[in-house]
Amino acid sequence: MIRDRTIMVTGGTGSFGHAVTRRFLRDGAREVRILSRDEKKQDDMRRRFGDQRLKFFLGDVREYRSVLDAMQGVELVFHAAALKQVPSCEFHPMEAVRTNVLGAENTIAAAVACGVRCLVALSTDKAVYPINAMGLSKALMEKIVVAKSRSAGPTTLCITRYGNVMGSRGSVIPLFMRQIRERRPLTITDPHMTRFLMSLEESVDLVLHAYAHARPGDTFVRKAPSCTVGTLAEAVQSVLGSRLSVEIIGTRHGEKLYETLVSREEMVRAEDMGRFYRISADARDLNYEKFFSDGEPSISDAVDYSSHNGELLGPDAVERLLRDLDFMRGERSQQHDAA
Ligand SMILES: O=c1ccn([C@@H]2O[C@H](COP(=O)(O)OP(=O)(O)O[C@H]3O[C@H](CO)[C@H](O)[C@H](O)[C@H]3O)[C@@H](O)[C@H]2O)c(=O)[nH]1
């Protein structure tokens with residue numbers, strides 16, 4: 001699937017980019033191109049990998065020309081470039097539009113122009129019933145992918161949607177770890193808030209599954225367990241042998257009590273693929289009459305797939321998940337050395 005392929009990862013210098021690049025190189029890719037803006041992060045990644053098959057392209061998905069130039073000869077594209085921090089997108093929503101919406105349009109247009117076989121666009125649970133600018137911009141990206149997939153010729157355009165990746169940069173688990181290291185109280189927004197839990201490797205599995213099974217306009221979701229934030233804090237403390245107090249700071253701006261990976265409306269046409277759901281593109285034609293006058297009775301009975309109504313893990317199960325994560329093992333061995 002990957003062997004001898006020339007692959008591009010936009011926004012490839014982040015945690016996901018590193019994990020997916022490692023997998024592609026291991027699986028015999030001919031070339032992996034990273035398109036991103038930050039030369040320092042590219043240089044760090046170049047040194048870390050030390051692999052001639054890895055090529056770096058400075059560019060910005062906001063600029064069509066830079067994407068088009070870098071994409072010549074590419075067969076597969078994984079579009080991960082995005083503004084993904086909720087607060088920064090709230091303050092600068094037009095920046096979210098420029099990167100997440102127009103950047104996606106540019107990347108799709110370049111992929112179609114270059115005859116790429118398959119483009120997988122990475123989205124988030126925050127794009128379902130969106131309430132913040134980050135989620136709204138990703139929801140629009142999804143709509144663009146589906147709309148363009150109808151006329152992309154030999155290029156298959158599809159979407160993956162996933163929830164919180166445990167340990168990703170700027171997320172709550174590294175924050176809790178830092179607070180434990182500094183012996184400060186753990187800050188908890190709302191102990192009853194739930195989030196899906198997914199490892200970086202599982203997010204890589206999801207995009208590879210999408211690439212292997214995609215039909216134009218499909219959205220793929222990986223089923224994942226979830227837990228409350230209170231349980232997560234308890235489990236992180238338990239793994240690191242700490243018993244610090246917690247401080248309830250309240251729900252932050254733009255934050256939901258729970259996340260949804262598949263909406264009620266999508267559930268009606270979702271295909272259960274075992275560990276994954278496939279949501280096919282809306283097959284109705286563009287006859288507006290059908291949207292206005294034809295209803296879908298089964299939607300009334302459908303239930304969404306959310307972090308509140310899926311498999312909710314308790315502290316022991318979350319602890320087991322955490323113990324398996326490399327960065328958590330690293331933290332524990334550092335603690336051990338320090339002791
Ligand atoms: O000090 C904190 C910070 C966060 N949380 C809670 O921990 C959970 C996870 O928080 P994260 O910040 O790790 O993840 P979010 O779901 O808020 O969103 C994160 O993942 C998103 C991708 O889906 C975006 O990247 C976003 O900017 C990023 O913060 C949330 O319920 C949040 O309320 C706390 O309890 N205490």
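User: In this predicted model, is the crossing of α9 and α12 left-handed or right-handed?
Analyst: The two helices are α9, residues 229–239, and α12, residues 315–323. Their axes come within 8 Å. The crossing is right-handed.

User: Are α9 and α12 roughly parallel or oblique to each other?
Analyst: Their axes cross at roughly 55°. Angles under 35 degrees would count as roughly parallel, and 65 to 115 as roughly perpendicular. The helices are therefore oblique.

User: Which residues in α12 does α9 meet?
Analyst: The α9 side includes Thr-231, Leu-232 and Glu-234. By class, the contact has 7 nonpolar, 2 polar and 3 charged residues. On the α12 side stand Pro-315, Val-318, Glu-319, Leu-322 and Arg-323.

User: Which are the edge strands of the open sheet?
Analyst: The sheet has 9 strands in the order β3-β2-β1-β4-β5-β6-β9-β14-β13, with mixed pairing. An edge strand pairs on one side only. That gives β3 (54–58) and β13 (270–272).

User: What is the bridge partner of Met-8 in β2?
Analyst: Strand β1 covers residues 6–10, and β2 covers residues 31–36. They run parallel and are joined by 5 bridges. The partner of Met-8 is Arg-33.

User: Which strands does helix α6 lie across?
Analyst: Helix α6 spans residues 133–149. It runs at about 155° to β5. The strands are β5, β6 and β9.

User: Which elements give two or more residues to the shell around the ligand?
Analyst: The ligand is surrounded by 16 residues, with Lys-84, Ser-171, Val-172, Thr-187 and Thr-189 the closest. The elements are α7 (172–181) and β7 (186–188).

Note on methods:
Residues numbered from 1 in each chain as written. Predicted model: local features only at pLDDT ≥ 70, side-chain atom pairs only at ≥ 80, totals over all residues. Near = placed C-beta within 6 Å. Helix = DSSP H or I, 4+ residues; strand = E, 2+ residues; numbered from the N terminus. Axes fitted to C-alpha atoms, helices over the stretch in contact; angles between N-to-C directions. Parallel < 35°, antiparallel > 145°, perpendicular 65-115°, else oblique. Left-handed = near helix turned anticlockwise from the far one by under 90°. Contact = placed C-beta atoms within 7 Å. Nonpolar A, V, L, I, M, F, W, Y, C, P; charged D, E, K, R; others polar. Pairing = 2+ DSSP bridges.
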